[in-house]
Amino acid sequence: MQAWRVYENGEPGAVMRREEAEPPTPGEGQVLLRVRAANVNFPDALLCRGHYQVRPPLPFTPGVEVCAETEDGRRVITTAALPHGGFAEYTLADAAGLLPAPDALDDAEAAALHIGYQTGWFGLHRRAALKEGETLLVHAAAGGVGSAAVQLGKAAGATVISVVGGPEKAAVARALGCDLVIDRRSEDVVAAVKAATGGRGADVIYDPVGGEAYQQSAKCVAFEGRIVIVGFASGTVPAPALNHALVKNYSILGLHWGLYAAKDPASIARCHETLTGYAAKGLIKPLIGERVPFARAADAVQRVADGTTTGRLVVLPEGAHA
């Protein structure tokens, strides 16, 4: 089979190599899957760099999220079992982690449903308890993670404010249905949020960026507001001032979605049922920025690493038409 493999850590565009390889052999509790589409996630870039919390042995195939087909023809979505990731014709996954791909979504859309939307749902509902009528602020709203949170926020009946970088991403955020779009490159984020909320600030803030975005969040979070920490795409891990959280009465909530697989696996299946229902009703639909040919997988991961993309980039195996 054809596979992209990483033999040394570094920038994805430099260290990902396309080569011929043997299909992986399933271990205990694993299944072999034929990849129909593999979504590019920021953790794929971190894996290449050796900066992710999981460090698979070298060489490995990145690609943590796939829509795939079982040997008996079922269409499923899942997270791939590293080191045999999804940027290959075949991948491995834990049998217990397979979820049915929603009929309402094509292969590329289904591949982009799992991690981003599960993270969004758990972050907004399990961690932040987002209520109808509250104001939700989403950083990097035109990206894959942010766009999922925007759609889930709208589905929950929240007023959604988005923060993006540049006119192109602002247009994407408007098309997603955001109630207010703030271009951080040309506007004062804190002032704009306070103006839009009558000085109250945002009730829930969804932050996959860290760095300056977190500093802005702390300045415009409402009384009894909740800041959900999802990731650090900026590359800077902020150090919250806990005295500030105390004085302003807000909560800082961490979210590592992967822990639910170990601590509460049944909750993932329940969430998937909810997301499948949302997709059937048209409340959510993964924003696919580009369907990428298999030959350009390394370039796609590099572009996500560089933060130059909108929506999701999804890698399709040769001959696929999803």
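## Helix α7 and its buried face

Let's start with helix α7, residues 189–196, whose buried residues are Val189, Val190, Ala192 and Val193. Here, buried means under 20% relative accessible area, exposed means over 50%, and partly exposed lies in between (1.4 Å probe, protein chains only). Looking down the axis of α7, these buried residues fall within an arc of 165°, so they line one face of the helix. The arc is taken from the directions that run from the helix axis to the C-beta atoms. The cover over the buried residues of α7 includes β8, β9, β10, β11 and α8 (212–220); contact means heavy atoms within 4.5 Å.

Both ends of α7 have a detail to look for. At its start, a side-chain oxygen of aspartate 188 reaches to within 3.1 Å of the backbone nitrogen of valine 190. Just after α7, glycine 198 takes a positive phi of about 65°.

## About the model

The model is predicted, so local features need pLDDT of at least 70 and side-chain atom pairs count only at pLDDT 80 or more, while totals for chains, interfaces and linings use all residues. Residues are numbered from 1 along each chain as its sequence is written, and side-chain values use heavy atoms, with hydrogens and water left out. Helices (H or I, at least four residues) and strands (E, at least two) are DSSP runs, numbered from the N terminus.

## Helix α6

Which residues of helix α6 (residues 167–175) are buried? They are Lys169, Ala170, Val172 and Ala173. Seen down the axis of α6, they fall within an arc of 160°, so they too line one face of their helix. These buried residues pack against β9 and β10. The face turned away from the buried side carries the exposed residues Pro167, Glu168, Arg174 and Ala175. Just after α6 comes glycine 177, with a positive phi of about 100°.

## A parallel sheet

Now for the strands. Six of them form an open sheet with parallel pairing, in the order β10-β9-β8-β11-β12-β13. β10 (180–183) and β13 (251–254) stand at the edges with a single partner strand each, so one side of each has no neighbour in the sheet. On average, neighbouring strands of this sheet are turned by 20° against each other, direction ignored. Two strands pair if DSSP finds at least two bridges between them. Strand β9 (residues 159–164) is joined to β10 by four bridges, and serine 162 stands opposite valine 181 in β10.

Helices also lie on this sheet. Helix α5 (residues 144–155) lies across β8, β9 and β11, running at about 170° to β8. Axes are lines fitted to C-alpha atoms, for helices over the stretch in contact, and angles run from 0 to 180 degrees between N-to-C directions.

## Two crossing helices

How do α4 and α11 (residues 265–281) meet, and at what angle? They pack at about 105°, with their axes 10 Å apart. That makes α4 roughly perpendicular to α11, a label used for angles of 65 to 115 degrees; under 35 counts as roughly parallel, over 145 as roughly antiparallel and the rest as oblique. Among the residues that meet are Trp121 and Phe122 in α4, and Leu275 and Tyr278 in α11.

## A buried threonine in a loop

Finally, threonine 70 is found in the loop between β4 (65–69) and β5 (75–79). At 8% relative accessibility, threonine 70 counts as buried. Its side chain makes a polar contact with the side chain of aspartate 72 (2.3 Å). A polar contact is a pair of N or O atoms within 3.5 Å; within protein, one must be able to donate a hydrogen and the other to accept it, and residues adjacent in sequence count only if both atoms are side-chain atoms. Leaving aside neighbours within four places in sequence, threonine 70 is in contact with Leu33, Val76 and Leu98.
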